Amino acid sequence: MENQGQESEGQQRRWEADSPALAGVAGRVRLMVGDQALGVLVVDDGHLSLKDDGGPVDVTITCATREILVKLLRGEVNPVVAALRGDVRQRGNRELGVKVVLGLRAGSPFVHTPFDGKDA
Amino acid sequence: MSLNTVSILDGNMFVVSDRRGDIDATPTDNQGLFLDDTRFLSRWILTINGTRPAVLSVDEQAYFKVQFFEALTTGTVYVDSHLSVTRRRAVSKGFREEIEIANHDKEAVDLEVKLDAAADFADLFEVKDKLEKKGQLYSKLSDGTLTLGYQREGFVRETRISASQKGETSKDGITFRVRLEPRTHWSVSFDVQAAARMTEPEGTPAISLSQKEVDEWCSTAPRLVSTWEPLHQIYRRSLVDMAALRFRTGIVPGALPAAGLPWFMAVFGRDSLLTSFQAMPYAPELAASTLRALALFQGRVEDPFRDEEPGKILHEIRLGEMTAFEERPHSPYFGSADSTTLFLIVLEEYVRWTGDLALARELEPQARAAITWIDRFGDRDGDGYIEYERRNKETGLENQCWKDSWDSIAFADGTLAPTPRATCELQGYAYDAKVRTARLAREVWGAGAWAKQLEGEAAELKRRFNKDFWIPERGFFALALDGQKRKVDSLTSNIGHLLWSGIADADKASSCVKHLMSDALFSGWGIRTMASSENSYNPIGYHVGTVWPHDNSFIAWGLRRYGYRAEAARIARAMLEAAALFNGRLPEAFGGYDRATTHFPVEYPTACSPQAWATGTPLLMIRTLLGLDSDGVHLIVDPAILEPLGRIELLDIPGVWGRMDAFGRARSAN
């Protein structure tokens, strides 16, 4: 993967990377753990940026724990299994949500990204 | 389904009860309220003063609602019953049941009316395989609502039962004490809700249909007029059952056909695609939803547990506990060697019928990935043929063709063929998929060079197939090449699918047609899955002798492709006559007994009904009789109809032309 785990934008933590597995996919995904919003994953034809952002989104993915969220970003989550077990819920454009999770599973650029503490 | 059970359904939620309306699941009676492959109610028994009413009659009003008429009998014909009971049940996000008890006596009566309730939350796989639960069952009472629940880690499923009348609620049901005056009646209604969704409750997982909505669904389909009266009932039943089997994923827009009641109320690649093909001239939107859903879950990685490979189209998605904990691989499972080629076939058929170029453009990447799968993963050993062998040895499917039972791929002497198996119809589908994809590549995607390449590959596949699979001494194509590249020499219905795909050379097709219409294969009601001349033949063997309606529908359509109009019409007529004897609803399969020995087709004991591709069979048979096709611009009509079917009119057929009519009538020359 290119541009793996770049950080930028001063105080705001932000990662950018490319994932060929998400080519042709575009949309904004809010990531939450419980009722806490932790950021937005912006997908733009295979280019991913993960950032703090309060803007509108297409779909919200809520994970039961932070650990599950990190696994999801690293492509270690099967979306069907996670949904059935109550680990992951989606609200909004679920087709996009499933595409993104399956795309990450096929090739996540965040496999080695050190999501530490509160920044993930 | 057993004749002793009554089923109502709505999407992938369904209720199976006995003819009283009671649910009493046992290891041998798979009754219950089911949703998402989980049984939410395993016991639901009505007693009045400790006695279960006797059933008088059952009124199956629609696929989603039913009435049971009952009486509290005295056990002797000399004393009339004075208490009658009516139970009205409708399914939708659970079910609602109204129970009305009437006292016809001149005296008042005191009654204890009790509904026993319990839920075992069995996964459908557990029901089938009789496995033990690993989580905890619980029940709780709150504000008159009885909640039956099950939890295993984050997997929580609940059934909530509430009543319109105040009763004594306990952990095993609700009891009412009623004094019923002479000539009066008393009623109570129950709401039984199943809580199980894997997503937020902003959409409904199943379509909740009223009769009006069913009528609207039927009215958007073409109108059929026939001088053969049973065809009206068969056609109407097919449309209504197709409506019942529609399934919303809650993820992609629209509805697609689930495979069948009771075990297969789920998305299946092969079943949903073949059913969509059958329904193309009637409800092409089913194909669009099916293609979108299957494209979304197209394989992306190599995952041996799920038999997943990049570009492969799924076999089956399940939503029960065993899938959630990866004790079964259905999240999704990809153990199907034909769903990928069928995906391409249905995509081209859909675009040619509807002119929906937008969907064709949207799915170009998935189509390209599917073609890559055929050549790279479908052909496991580089011999140019698709063959299958499961990588999940514990819970994967051994046979990954449509005849997926363990003993279906056998030599004429009955010996099972070793894997990997390259069944003949898989090669036909691959040929057809490449020919059709070439058309899309050239006409829609502007990829002329790729189209030429695909056509070249298809032609080469056809040339080699007609050499490698042909058995000259028997005059038909081998059922398969086995793991040692030997020809599996039994005579089966699979050769009919080679006509549908167009891979058979004309002279070889002619010889196959003689076999298909021979007494060994054609029972008089339809073409058997395996010829009666073969050692494995069993008239009630699931894939080794029974007659499968959908199989016949594709064979008949294939016969038309090769110009065998009369033979196609003969099969279509036989199958429609069989449908009439099944009250308009063809089952998944029926016995392979010769028509000369029975006046009606013999039922197969565990056949699914309604089943999607059996439901679609009359639709494709009518298309076959009228010779309906699309050239991408016009509707082609070329009827070939036999008596007693007489005259058939199909009005307002949707397609790229808008709406058009087709007419045909039987001619003696046919």
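**View 1. The contact between chains A and B.** In this predicted model, 21 residues of chain A are in contact with 22 residues of chain B, two residues being in contact if their C-beta atoms, placed from the backbone, lie within 7 Å. Helix H2 (79-84), E6 and H3 of chain A are the elements that give two or more residues to the side of chain A that touches chain B. Helices (H or I, at least four residues) and strands (E, at least two) are DSSP runs, numbered from the N terminus. H3(A) provides the largest share of this side, seven residues. By class, the side of chain A comprises nine nonpolar, four polar and eight charged residues; Ala, Val, Leu, Ile, Met, Phe, Trp, Tyr, Cys and Pro count as nonpolar, Asp, Glu, Lys and Arg as charged, and the others, Gly among them, as polar.

Residues are numbered from 1 along each chain as its sequence is written, and chains are lettered from A and ligands numbered from 1 in the order in which they are written. As the model is predicted, local features need pLDDT of at least 70 and side-chain atom pairs count only at pLDDT 80 or more, whereas totals for chains, interfaces and linings use all residues.

**View 2. The sheet of chain A.** Six strands form an open sheet with mixed pairing, in the order E1-E4-E3-E2-E5-E6 (chain A); two strands pair if DSSP finds at least two bridges between them. Strand E1 (14-18) and strand E6 (88-92) of chain A are the edge strands, each pairing on one side only.

**View 3. Strands E2 and E3 of chain A.** Strand E2 (residues 26-33) and strand E3 (residues 36-44) of chain A pair in the antiparallel sense over eight bridges. Gly27(A) stands opposite Val43(A) in E3(A).
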